[in-house]
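Hi,

Here is the structure I said I would pass on.

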Amino acid sequence: MKVNTSIAIEVGAARTAQYLPLLKGKRVGLIVNQSAQVNGVHLVDMLLANNIDVIRIFSPEHGFRGDQDAGAYIDSSIDSKTGIPIVSLYGKKKRPSLDALQDIDVLIFDIQDVGVRFYTYISTMHYMMQSAKDTQKEFIVFDRPNPNIHHVAGPLLDKRFRSFVGMHPIPILHGMTVGELAMMINGEGWLSGHEQLSLKVISVANYSASDEYTLPISPSPNLPNQQSIYLYPSLCLFEATAVSVGRGTDFPFQVFGHHQVNLGSFNFSPRSIIGAARYPKLEGQEVWGMDLRNSTVRGFDLGWLFSAYRQFKQQGQPFIIHPDFLDKLAGTNIIRLALEQGLKVHQLEALWEKELETFKKRRAPYLLYDR
């Protein structure tokens, strides 16, 4: 990690003295992808080098190596390097079978998140926590920093719109690490059943929410750099519209545009990119819109979405292509209705001010780092 502090932070996976003794003699299952690195070595390889019995890998969206398209079906397989079986958590089922857990003693989650509710790694964590609880397995989270930890913004999820892109009653930007969120999921009773999950979090050392840092590894194919991670919360709602957010370019989630409604002076043409955007929206079209690669916008900004909606309406072009998906991403129908009814952004944001304050108080017992 690149950190603006005199003492470098140490991610949970790097704090081996905290957890290796807990794993000796245990059969271990890992929920990991390419981001599970310890000083440049993948967690799988590091644990094997320390004679830890890793018997199964569970892979999320984008796959174990992080090279699969968003939403692409991923089948179970064998890791060619280690020979360890890989169970897909993004294929026919989002949860493993009981057989896949039967011979495991402890499950470890180590995936870099970006602090956004609709980024599906936290949904995968929830399902694996539920599976661990149902089968009475230990669950350990190797915590990592949240690059959007400074922001708590957007509407809280309305349970009527619960889906894999939004499972918890938290805002779009929740300002928590995955370790803190795991503690909240467990502590607030968001898992079903009466038994208590055996949960342990290996926290990040020398870390506080005031730290600025750059992720050392891209967390997924379409978030290739820090700028895309910062803009992702604001641009992802465009996924339910006719507008391209740059999938199929070298700068996804750093631009947006359309081929019929001119949204700006910057032009680009989405193309098929295997492992990132095999069939991108508006493929091969000349698209006009905005280049945000130098934007200083952070957090959750609805201005671009509302402006684009007005421009589409003025030209009589359909904007919201998948209203159900928009509501699932937003976790509510309030944003879609506000667009259709002509509300201003500040009027909309005022609707969830109080619930954000309530959420901050509710999450307080689970925070591990200074705010």
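Before the rest, some housekeeping. This is a predicted model, in which local features need pLDDT of at least 70 and side-chain atom pairs count only at pLDDT 80 or more, while totals for chains, interfaces and linings use all residues. Residues are numbered from 1 along each chain as its sequence is written, and side-chain values use heavy atoms, with hydrogens and water left out.

Now the rings. The structure has 16 aromatic pairs (rings of Phe, Tyr and Trp, the last by its six-membered ring, pair if their centres lie within 6.5 Å; planes under 30 degrees apart are stacked, over 60 edge-to-face, and the rest tilted). One of them joins Tyr-90 and Phe-164: the centres are 6.0 Å apart and the planes stand at 45 degrees, so this pair is tilted. Tyr-90 is in the loop between strand S7 (85-88) and helix H3 (98-101), and Phe-164 in the loop between strand S10 (153-156) and strand S11 (171-173), so the pair ties together parts that are 74 residues apart in sequence. (Helices, H or I with at least four residues, and strands, E with at least two, are DSSP runs numbered from the N terminus.) Phe-164 counts as buried too, at 15% relative accessibility. The charged end of Lys-94 sits over the ring of Phe-164, 5.2 Å from its centre (that takes NZ of Lys or CZ of Arg within 6 Å of the ring centre and within 35 degrees of the ring normal).

Another pair, Tyr-207 with Tyr-369, is edge-to-face, with 5.1 Å between centres and 65 degrees between planes. Tyr-207 is buried at 8% relative accessibility, and Tyr-369 is buried at 6%. There is also a cluster, in which ring pairs link Phe-238, Phe-256, Trp-304, Tyr-309, Phe-312 and Phe-319.

On to helix H11 (353-363). Leu-356, Phe-359 and Arg-363 are buried there. As for what the buried residues pack against, it is S10, S11 and helix H5 (178-187) (contact means heavy atoms within 4.5 Å).

Strand S9 (residues 138-142) is mostly covered, with four of its five residues buried. Phe-139 in S9 is the bridge partner of Leu-107, while Val-141 has Val-201 in S12 as its partner. From S8 the chain crosses through helix H4 (residues 121-134) to S9 in a right-handed β-α-β crossover (with the strands pointing away from the viewer, the path from the first strand over the helix to the second runs clockwise).

Phe-253 is not a glycine but has a positive phi, near 55 degrees, and is buried at 1%. Leu-282, not a glycine either, has a positive phi of about 60 degrees and is buried at 15%.

Cheers

Key. Buried means under 20% relative accessible area, exposed over 50%, partly exposed in between (1.4 Å probe, protein chains only). Two strands pair if DSSP finds at least two bridges between them.
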